[in-house]
Amino acid sequence: MALFREAQRTVWYHDGVIDIWVEPKDDLTLRLVTPLKNPRPLEQKGKQQWQSQDSQSRFTILTSWESSLREPESGTIEIQPQGRIRIIVEDLDTFHNGGAYVVNYFGEKMTKDFMEPLEAFLVQ
C-alpha cells in the first residue's frame, strides 16, 4: 500500500479483512498491489464494490462512497480515497463444481458488515 502524498490514515487488520480509513484530501492516490498470480481484470460488482481473483484466491474492495478504481497494470489498483475502504481476502472453493465463482459465507458476511453495520444502543 502506498500513498503518493502525506495523509492521515488508520489501518485495521482482522481475520482476512483489512479496513482502511484515509482522511479525504484533494489529489490523493492510494496504490494497492495485490499478491495474486495472473489475476483477472478488476470487475465492478456495484457502485461501491470491486472484485478480482486468480485460481486460488479472491479479493473484494469495498468503499464507503461511490467511486471508480483504476488498474494501471495487472495486480495494481489505484483509488482516490475519500473515507473508509475494506479489503476482503478469501480462498476460493475449488472442491465444489462452480464454487470458485460463488462468494463464500465469510466474504458475504464481511461485505454485509461493511455495507450494513450493526448498531448497538444502550437503554437506561
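Analyst: In the largest nonpolar core, which has 16 residues, Ile61, Leu69, Ile77 and Ile85 touch the most other members; such a core is a set of buried Ala, Val, Leu, Ile, Met, Phe, Trp, Tyr and Cys residues joined through side-chain atoms within 4.5 Å, where buried means under 20% relative accessible area with a 1.4 Å probe, protein chains only. The model is predicted, so local features need pLDDT of at least 70 and side-chain atom pairs count only at pLDDT 80 or more, while totals for chains, interfaces and linings use all residues. Residues are numbered from 1 along each chain as its sequence is written, and side-chain values use heavy atoms, leaving out hydrogens and water.

At least two residues of this core come from each of strand 3 (17–22), strand 4 (30–33), strand 7 (57–63), strand 9 (76–79) and strand 10 (84–91), strands being DSSP runs (E, at least two residues) numbered from the N terminus. Not counting residues up to four places away in sequence, Ile85 touches Ile18, Asp19, Ile20, Leu30, Ile61, Leu62, Trp65, Ile79 and Phe114, with contact meaning heavy atoms within 4.5 Å. A second, separate core of 5 residues includes Val17, Leu62, Met110 and Phe114.

An open sheet of 6 strands runs in the order 2-3-10-7-6-5 with antiparallel pairing, and two strands pair if DSSP finds at least two bridges between them. Strand 2 (9–14) and strand 5 (43–46) are its edge strands, each pairing on one side only. Within the sheet, strand 6 (residues 49–53) is joined to strand 7 by 5 bridges, and Trp50 stands opposite Ile61 in strand 7.

How values were computed
Buried < 20%, exposed > 50% of the residue type's maximum accessible area, 1.4 Å probe, protein only. Helix = DSSP H or I, 4+ residues; strand = E, 2+ residues; numbered from the N terminus.
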